[in-house]
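Subject: Structure for your review

Dear colleague,

Please find below the structure that I am handing over to you. My notes on what was found in it follow directly after.

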Amino acid sequence: MSYETLTIIWFSIWGLIWAIYFVLEGYTAGTGILFPFLAKKEEEQRQLQESIGPFWGSNEVWLITAGGVTFAAFPETYGTMFSTFYIPLYLILFALFFRATGLEFMHKSNSSLWKQSWKWAFFSGSLLIPFLFGLTFSALFRGLSSNEHGLYITFSDVINAYGILGGSTFVLLSLLSSAIWISIKTEGAVQKRATLLAKKIWPISSGFLSLFFIATTNQTSLFNSFANEPVLWLIPGFTLLFILFAGIPIVYNKWGMGFSFVSLSIFTLFAAGFTGMFPNMLPARMNSSFSLTLYEAAGSELNLTIMLWITFFIVPVVILYQIWMYRIFRGKITEKNARGY
């Protein structure tokens with residue numbers, strides 16, 4: 001296997017891991033955002049906590065893996081990305097911390113102030129995670145500033161209308177995914193509220209996703225390479241089709257099918273982004289010659305080969321473990337049997 005083939009395989013693995021993480025993060029972050037508004041009493045809070053309690057930690061394994069793959073397979077990308085996006089990634093780290101501690105500590109004391117503080121910490125962290133990731137990856141899709149010294153970002157590279165649209169779109173998709181997930185996992189009043197909310201969020205998230213693709217086509221060069229390979233337009237096309245098809249099972253309360261369509265829409269959204277970036281890992285907006293390509297960023301051939309063999313053994317084990325875990329905790333959560341986190 002040639003070195004070029006190895007780097008392309010690892011770019012595909014890198015993009016795949018990120019896309020899987022964003023699918024799994026969607027319903028967990030969205031549940032945290034909806035938590036203060038869907039749960040009207042402690043029993044309902046415990047329902048929502050238990051709906052993600054067994055899963056959110058293992059879902060974060062994909063984030064750790066994505067970071068590890070970036071560091072090991074593409075060290076140049078890791079160094080440039082984590083120094084360039086230092087502030088947003090640092091904020092994401094704090095958001096992850098507050099999301100976890102809010103969920104963990106909320107019911108450790110009977111104090112009303114304690115519970116309220118950690119409830120809103122849980123909400124704030126959960127809201128910032130998808131918004132900041134959407135902001136960061138929108139900046140990547142749009143391209144970074146560059147000069148003779150290399151790539152860099154300015155405030156306007158991250159905070160702009162396109163980035164805010166990308167962050168808002170991912171937040172709305174997370175809300176839709178979580179509203180459907182709660183409808184699947186719970187029973188009673190909290191399920192009814194989530195069901196009603198899913199039907200309201202679906203058209204809004206579909207509209208924002210459509211606007212995001214229109215903005216991406218007009219304000220970035222992400223899809224320019226698709227002109228040479230028109231078949232690649234199927235990927236963003238499927239993203240929109242999946243979110244539109246999700247409306248049918250949502251209307252008829254077929255939550256398993258609705259969740260599948262929304263998850264596929266999130267997956268193909270990021271697949272379209274990574275496909276458009278190829279072969280760049282960190283694209284330059286104004287001058288493509290400054291872009292960092294996967295061939296420049298990749299580690300040595302020996303390193304990539306050893307890692308590939310390890311991945312073939314480890315990743316299937318992780319996937320099988322998660323399938324087993326979702327099967328074990330597949331039951332409905334009622335107010336009576338909810339144990340919280």
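Setting aside its neighbours within four places in sequence, Phe133 is in contact with Trp18, Tyr21, Phe22, Leu63, Ile92, Leu128 and Phe170. Please bear in mind throughout that this is a predicted model.

Phe133 also belongs to the largest nonpolar core, which holds 102 residues. Within this core, the residues that touch the most other members are Trp18, Phe74, Phe133 and Phe270. Helix α1 (residues 3-38) gives the core its largest share, namely 17 residues.

I turn next to the charged side chains. The count comes to 6 salt bridges. One of them joins Arg99 and Glu25, with a distance of 3.0 Å from N to O. Arg99 lies in helix α5 (residues 86-105) and Glu25 in helix α1, so this pair ties together parts that are 74 residues apart in sequence. Both Arg99 and Glu25 are buried. Together with Glu60, these two residues are linked in a network of salt bridges.

Glu42 takes part in two further pairs, one with Arg46 and one with Lys115. In the pair with Arg46, the closest N and O atoms are 2.8 Å apart. Arg46 and Glu42 both lie in helix α2 (residues 42-52), where they are separated by 4 residues, about one turn of the helix. In the pair with Lys115, the side chains meet at 3.0 Å, N to O. This second pair links distant parts of the chain, since Glu42 is in helix α2 and Lys115 is in helix α6 (residues 112-142), 73 residues away.

Why does Lys115 count as buried, whereas Glu42 counts as partly exposed? The relative accessible area of Lys115 is 19%, and buried means under 20%. Glu42 has a relative accessibility of 30%, and Arg46, at 25%, is likewise partly exposed; partly exposed covers the range between buried and exposed, the latter being over 50%.

The largest pocket contains about 350 Å³ of space, and 14 residues line it. Those nearest its centre are Phe82, Leu89, Tyr90, Ile92 and Leu93. Helices α3 (56-73), α4 (75-84), α5 and α6 each supply at least two residues of this lining, and the largest share, 6 residues, comes from α5.

There are also 2 cavities of 30 Å³ or more. The largest cavity has a volume of about 70 Å³. Which residues line the largest cavity? They are Phe133, Gly134, Phe137, Ser138, Phe141, Gly166, Thr169, Phe170, Phe212, Leu269 and Phe270. Two or more of these lining residues come from each of α6, α8 (161-185) and α12, with α6 giving the largest share, 5 residues.

Yours sincerely,
A colleague

Key: Residues numbered from 1 in each chain as written. Predicted model: local features only at pLDDT ≥ 70, side-chain atom pairs only at ≥ 80, totals over all residues. Heavy atoms only, no water. Core = buried A, V, L, I, M, F, W, Y, C linked by side-chain atoms within 4.5 Å. Buried < 20%, exposed > 50% of the residue type's maximum accessible area, 1.4 Å probe, protein only. Contact = heavy atoms within 4.5 Å. Salt bridge = Lys/Arg side-chain N within 4 Å of Asp/Glu carboxyl O. 1 Å grid on protein atoms, 1.4 Å probe; cavity = no way out; pocket = protein on both sides within 12 Å on 5 of 7 lines; lining within 4 Å. Points joined across faces, edges and corners; volume = space filled by probe spheres on them.
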